[in-house]
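Dear colleague,

I am handing over the structure below, and after it you will find what came out of the analysis. Please read the cut-offs along with the findings.

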Amino acid sequence: MPTQSRQTVPTTIFNLPNNLTIARIVMIPLFVLIAYYPPALGIGVSAIPDNAIARLGMMEYSNSMLRHFLLTFVFVLAALTDWLDGFLARKMGITSAFGRFLDPVADKLMVAAALVVLVQWHANIVMATCAIVIISREIAVSALREWMAELGARTSVAVSYVGKLKTAFQMIAITVLLLNWQSLQMIGYVLMVIAVILTLWSMLIYLKAAWPYLKRP
């Protein structure tokens, strides 16, 4: 007789996967604190200019490098907890309404915080447009999913493969740009533009799935 997978009903919302999600939210004020305090540390200044790569230990860049590395570390750690909490929830068979609500919220908040910081560093139309498109898409799709859930059709707008690919490109692009390494900035911009294209593509997929419900009288 085939064995059925057992799913544990948590007795408290503070289980390991949910605690990791909460930790990811706690990292957001830490991320902002590192970005802006103390003001004496350089911020938004390229950590390693192209003409100074051979002199990596230059003191005038050491503080700025430290800050950018710390920001990148916190962001990457948050991204890893995003993968880990989902993995543990499936592995341990622990699911909860609290976790299903909080997990996507935590992801969006961290990405939004990082994009706001990057827009200040790179005050140009490309970065501002990318940030606006990504944040606007998340708001629109979240509202769409909530509305579809009220109709009992939330599975029609479940996360797609393109949506997962979009998230991967977003995370990599933001990580590269947070390093603020001049030699990698063009790569970061290219990855960010690709992420925006995938962002719009995935939104169109969700809108197409929801269109039969949207066009009802």
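Contact here means heavy atoms within 4.5 Å. The model is a predicted one, in which local features need pLDDT of at least 70 and side-chain atom pairs count only at pLDDT 80 or more, while totals for chains, interfaces and linings use all residues. Residues are numbered from 1 along each chain as its sequence is written, and side-chain values use heavy atoms, with hydrogens and water left out.

The chain has six helices and zero strands (DSSP runs, H or I of at least four residues for helices and E of at least two for strands, numbered from the N terminus). Of its 217 residues, 40% are buried, that is, under 20% relative accessible area, with exposed being over 50% and partly exposed in between (1.4 Å probe, protein chains only).

Leaving aside neighbours within four places in sequence, M192 is in contact with L115, C130, I134, A173, I174 and L177.

By contrast, I197, which is found in helix α6, counts as exposed because its relative accessibility is 53%.

Best regards
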